[in-house]
Amino acid sequence: MFSRGKYGRGVASIRLVGVSKHFGDVKAVDNVSLDIADREFMILLGPSGCGKSTLLRTIAGLEDPTAGEVFIGDRMVNDVLPKDRDVAMVFQSYALYPHKSVRANIEFPLKVRGIDKTERAEAANQAAEVLGLTPYLDRKPGALSGGQRQRVALARAIVRRPAVFCMDEPLSNLDAKLRAETRAEIVALHHRLEATFVYVTHDQVEAMTMGTRIAVMRDGVIEQVGSPQEVYDKPASVFVAQFIGTPPMNIFPAGTLEPGAHLVGGRPEDTTIARDQGVAATVVLVEHLGHEAQVVCAVDDQTRAIVRMNPSDVLPRNGDTVRLNVPVEARHRFDSASGARVD
Amino acid sequence: MALDSTPKGWRSGVRYALLIVMAVIILFPIYTTIIASLKPGNRVLRNPLVPDSFTLDVLGDAWTQGRLGRYLWNSAVVAVLVTAFQLITSIASAYAFSFLRFPLKRFFFAIFMATLLVPFEVTLLINRRTVDSLGWLNTYQGLAVPFLATAFGTFLLRQVFMQIPKDLNEAASMDGLGHWGFMREVAVPLVRPTLGALGLFSFLASWNQYLWPTMITTEDDMNTIQSGLRLLRSSDLDKPNLIMAGTIIAAVPILVVLVVFQRQLVRGLTAGAVKG
């Protein structure tokens, strides 16, 4: 029903070549190269200020890159206006036109493009139906809940049938339950639309559950690109290792868990409290979560390590001295200077 | 609660008393004008505050002798022209100062605002000479053109344009709108309450102009209502209340505009309150 490219060009791979965006002295995006395949669901993940939104906006055309080239399909789009890029954008704030009805909001991109009234109405009806908005078509955005507004923003994006969807933290204004529901809806939409999605989030759960691939960003640079499982299983740096996974990966100082000048990492579920072997640590907190217990240990002044344990096990108590170990096959090794993965 | 109520009642009593005094001060001239305009000319000076006799003759005389119909028409033409152009020029300039990027923007805006510091009286003579040299004395353009743009309107609208979220502008540019489209489809509809207020303000200011029309009209035909009332005063000495009647007639259109616009204003305000 929403076959793409009806009003656009329809070729939707994205290629970024050495893209930088500087705001004065601040390098928001620094020499980023990234290939996003046609119909891929690419997540740009990172903490706030890492440049992920700027990168997305560069793809959408809302920012001009300071350097580098942006390709959509085989077309270099650096000098192409946002409206001519065949890209739709969903904003964190929804950015609905408050004085227009839901129907008028959804129809608006088509109206601007001079599509005739009947075709517009039909497209708006279809988009509204897909997103369950039919009963609200005559309301103003102000009379809708946050989740409904977000769906109107999605409807306004899909009605144009663009080849690329850019989404900038679209779920961050929703409550937890609604967020989970809408997450599933967006994934379903991706399957249905067969379009390329570029999705910005700082929420690793969204990244892990929605994306076909994740690009983890930090300080304007992409630290790692890979499938969610790859990024989890083989983090390319200490930063990625600690950003992905809750609780984050434990990083043991060089020379403590095994000889050598590298840092050793272990996921909390792989870290065990051993009797005789391992790194000495002091228990500082035991948190009971019901299905598991998390034991927080201080390895030294700066290093904390978390161990996930079965709540029915015998749990250590605050102040206990324990030894922490990670099975050799579950260990991750990182360069102690650069933080990059070494194995 | 009972303890509180005494000082509260005392305070609000004082407040109401003050309000009543102020209302009397404001309403008194209006009251005397209405009373005087409805009395026969020879009874005006006797018991001027008491409505002891009633006639519509003076209002009729004012209308016919004073050519008020012609003056009202002139005023209406000028006020509508001024209002329409002030809205257009304010929207355009405020939009530029809010949404466009151009060199020396802040400098130009400061220059714009600086014109607010210059009272109209300072420019009166030079404007009079300019209008004269253009051959615009006794013309509508002479009456209206010096007032077609207003720094106040620019400032007011810029402030509300700046409140429009940047995302909305970006969403519009993704949707394919250029600056004209965004102005027409989004920015202007969103600031309608302010436009209503500005329009009302412009209309009132233009309608109540006295000095400028007096300076540039020498032909009776081109008098506006305010400058025309002056002639009414000098026209008939044994009807001292003729000018009162003229004033009442001059105020009627402005009352109508106020009532109509007020409704618009309220509607605009409630629509603006529902934010997306």
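This is a guided tour of a predicted model, stop by stop, with what to select at each one.

Residues are numbered from 1 along each chain as its sequence is written, and chains are lettered from A and ligands numbered from 1 in the order in which they are written. Local features need pLDDT of at least 70, side-chain atom pairs count only at pLDDT 80 or more, and totals for chains, interfaces and linings use all residues, while side-chain values use heavy atoms, with hydrogens and water left out.

**Stop 1: where chain B meets chain A**

Show both chains. Select the contact residues (heavy atoms within 4.5 Å). Chain A brings 27 residues to this contact and chain B brings 18. The size of an interface is often given as the accessible area lost when the parts come together. Here the buried area is about 1900 Å², with 62% from carbon and sulfur atoms. That figure is the accessible area (1.4 Å probe) that two parts lose on being put together, summed over both.

Next, look for polar links. Eight residue pairs, both at pLDDT 80 or more, are in polar contact between chain B and chain A. A polar contact is a pair of N or O atoms within 3.5 Å; within protein, one must be able to donate a hydrogen and the other to accept it, and residues adjacent in sequence count only if both atoms are side-chain atoms.

Now colour chain B by helix. Helices (H or I, at least four residues) and strands (E, at least two) are DSSP runs, numbered from the N terminus. Two helices of chain B, α8 (166-175) and α9 (179-190), each supply at least two residues of the side that touches chain A. The top contributor to that side is α8(B), with nine residues. By class, the side of chain B that touches chain A has nine nonpolar, six charged and three polar residues. Ala, Val, Leu, Ile, Met, Phe, Trp, Tyr, Cys and Pro count as nonpolar, Asp, Glu, Lys and Arg as charged, and the others, Gly among them, as polar.

**Stop 2: salt bridges across the interface**

A salt bridge here is a side-chain nitrogen of Lys or Arg within 4 Å of a carboxyl oxygen of Asp or Glu. Three of them cross between chain B and chain A. Select B:Glu170 and A:Arg57: they form a salt bridge, with the closest N and O atoms 2.5 Å apart.

**Stop 3: around A:Glu63**

Stay on chain A. A:Glu63 meets A:Arg57 in a salt bridge, 3.0 Å from N to O. A:Glu63 also forms a salt bridge with A:Lys21, at 4.0 Å. This second pair links distant parts of the chain, 42 residues apart: A:Lys21 is in strand β1 (residues 14-23), and A:Glu63 is in the loop between α1 (52-60) and β4 (67-72).

Are these side chains buried or exposed? Both A:Glu63 and A:Lys21 are buried. The cut-offs: buried is under 20% relative accessible area, exposed over 50%, and partly exposed in between (1.4 Å probe, protein chains only). A:Glu63 has a relative accessible area of 13%. A:Arg57 is at 10%, and also counts as buried.

**Stop 4: A:Asp203 and A:Arg179**

Select this pair next. Their side chains meet in a salt bridge at 3.9 Å, N to O. A:Asp203 sits in the loop between β8 (196-201) and α6 (204-210) of chain A, and A:Arg179 in helix α5 (residues 176-193), so the pair ties together parts 24 residues apart in sequence. A:Asp203 is buried, at 17%. A:Arg179 is partly exposed, at 25%.

**Stop 5: the domains of chain B**

Domain 1 of chain B puts nine residues into the contact, and domain 2 of chain B puts in seven. They bury about 660 Å² between them, 78% of it from carbon and sulfur atoms. Select B:Thr33, B:Ser37 and B:Val58: they supply 58% of the area that domain 1 of chain B buries against domain 2 of chain B. The count of salt bridges between these domains is zero.

**Stop 6: the domains of chain A**

Chain A splits into domain 1 (14-238) and domain 2 (251-334). Their C-alpha centres lie 39 Å apart. The buried area between these domains of chain A is about 490 Å². Finish on A:Tyr232, A:Pro235 and A:Val238, which supply 84% of the area that domain 1 of chain A buries against domain 2 of chain A.

Definitions and conventions:
Domains from an automatic or database assignment.
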